[in-house]
Amino acid sequence: MKIIMLGAPGAGKGTQAIKIAEKYGIPHISTGDIFRANIKNGTELGKKAKEYMDKGALVPDELTCDLVVDRIHQDDCAKGFVLDGFPRTIPQAEALEKALAKDNEKMDYAIDIEVPDESIVKRMSGRRACVNCGATYHIVSAPPKVEGICDHCGGKLTTRDDDKPETVQKRLTVYHEQTQPLIDFYKKTGILHSVDGTKQLDEVFAEVVKILGE
Ligand code: AP5
Ligand code: MG
């Protein structure tokens, strides 16, 4: 089962992708998480990616595509994977198609989580992420059991560097210009499904499960 999560920044791609990965036993691959891990570890890739991420811009395709193509060829992806935050541009989608076509494969589902811009800006101000494992919380809709502490690993919860309101606004503009065209791209290939991302977390997940099957 090979799945792409589409949606604006803060639509809930990561939240739903983690639940999909658990239920269907496939790896969750988030390019944002991979870049943030590289920034934390001070790698060359991390240094380059940070320049773009801090501005709310996209990291160039040439730094992104090979990384994902390598990742989906690892052994744990044999039964499928859920991509979160990739592809984000038409050239990225084409690179993914080309890489899979070499093995006579293609993506099975593209799930677009629909949330209007106004709700996104509100959501982002309440998001908290674990510095250690990257798990995501929301101070109102998905709070941790103990304030400021990750339920999974006990790590400290902080606000992401790119969640400042002005950077969120920029990320939304970039989304509409560069990523939204992917909705038509996947409509044409016949694998697009849309879900209402303004509902409660579990209701959104129930819609996703209806699409993917029990
Ligand atoms: P990335 O990490 O992918 O960020 P994003 O797409 O901006 O999306 P977010 O992670 O902010 O949101 P999400 O949809 O995962 O929502 P979440 O589940 O956290 O990318 C960051 C940056 O890296 C990019 O700006 C770019 O620079 C770079 N990058 C990454 N991939 C790239 C690529 N392929 N090419 C180029 N550059 C790339 O939910 C958000 C909040 O809402 C949380 O607090 C959550 O608890 C809450 N929430 C979730 N669902 C609900 C709900 N149903 N109701 C109420 N609250 C909810
Ligand atoms: Mg995310």
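I looked up Arg127 and found that, apart from neighbours within four places in sequence, Arg127 is in contact with Thr136, Tyr137, His138, Thr158, Thr159, Arg160, Asp163 and Arg171; contact means heavy atoms within 4.5 Å. I note that this is a predicted model, in which local features need pLDDT of at least 70 and side-chain atom pairs count only at pLDDT 80 or more, while totals for chains, interfaces and linings use all residues. Residues are numbered from 1 along each chain as its sequence is written, chains are lettered from A and ligands numbered from 1 in the order in which they are written, and side-chain values use heavy atoms, with hydrogens and water left out.

**Entry: placement of Arg127**

I located Arg127 in strand 5 (residues 127–130). Helices (H or I, at least four residues) and strands (E, at least two) are DSSP runs, numbered from the N terminus. I then checked the accessibility of Arg127, which is buried at a relative accessible area of 13%. Buried means under 20% relative accessible area, exposed over 50%, and partly exposed in between, with a 1.4 Å probe and protein chains only.

**Entry: salt bridges**

I found 14 salt bridges in the structure, a salt bridge being a side-chain nitrogen of Lys or Arg within 4 Å of a carboxyl oxygen of Asp or Glu. Asp162 pairs with Arg160, their closest N and O atoms being 3.0 Å apart. Asp162 also forms a salt bridge with Arg171, at 3.7 Å between the closest N and O atoms. Arg171 is buried, with a relative accessible area of 11%, and Asp162 is buried at 10%. I traced one network of salt bridges with shared partners, which joins Arg127, Arg160, Asp162, Asp163 and Arg171.

I also looked up Arg71, whose side chain meets that of Asp76 in a salt bridge (2.7 Å, N to O). Arg71 counts as buried at 19% relative accessibility, whereas Asp76 is partly exposed at 40%.

**Entry: nonpolar cores**

A nonpolar core is a set of buried Ala, Val, Leu, Ile, Met, Phe, Trp, Tyr and Cys residues joined through side-chain atoms within 4.5 Å. I found 51 residues in the largest one, where Ile3, Ile20, Leu83, Leu96 and Tyr186 touch the most other members. Helix 9 (residues 201–212) supplies the largest share of this core, five residues. I listed the contacts of Ile20, leaving out residues up to four places away in sequence: Ile3, Met5, Gly25, Ile26, Val82, Phe205, Val208 and Leu212. A second, separate core of five residues includes Ala135, Tyr137, Cys150 and Leu157.

**Entry: helix 5 against helix 8**

I read that the axes of helix 5 (residues 90–101) and helix 8 (residues 181–189) come within 9 Å and cross at roughly 35°. Axes are lines fitted to C-alpha atoms, for helices over the stretch in contact, and angles run from 0 to 180 degrees between N-to-C directions. Ile90, Ala93, Glu94, Leu96 and Glu97 of helix 5 meet Pro181, Leu182, Phe185, Tyr186 and Thr189 of helix 8.

I followed five strands through an open sheet in the order 2-3-1-4-8, with parallel pairing; two strands pair if DSSP finds at least two bridges between them. Strand 2 (28–30) and strand 8 (192–196) are at the edges with a single partner strand each, so one side of each has no neighbour in the sheet. The twist averages 25° from one strand to the next. Strand 4 (residues 109–114) and strand 8 run parallel and are joined by five bridges. I noted Asp112 opposite Ser194 in strand 8.
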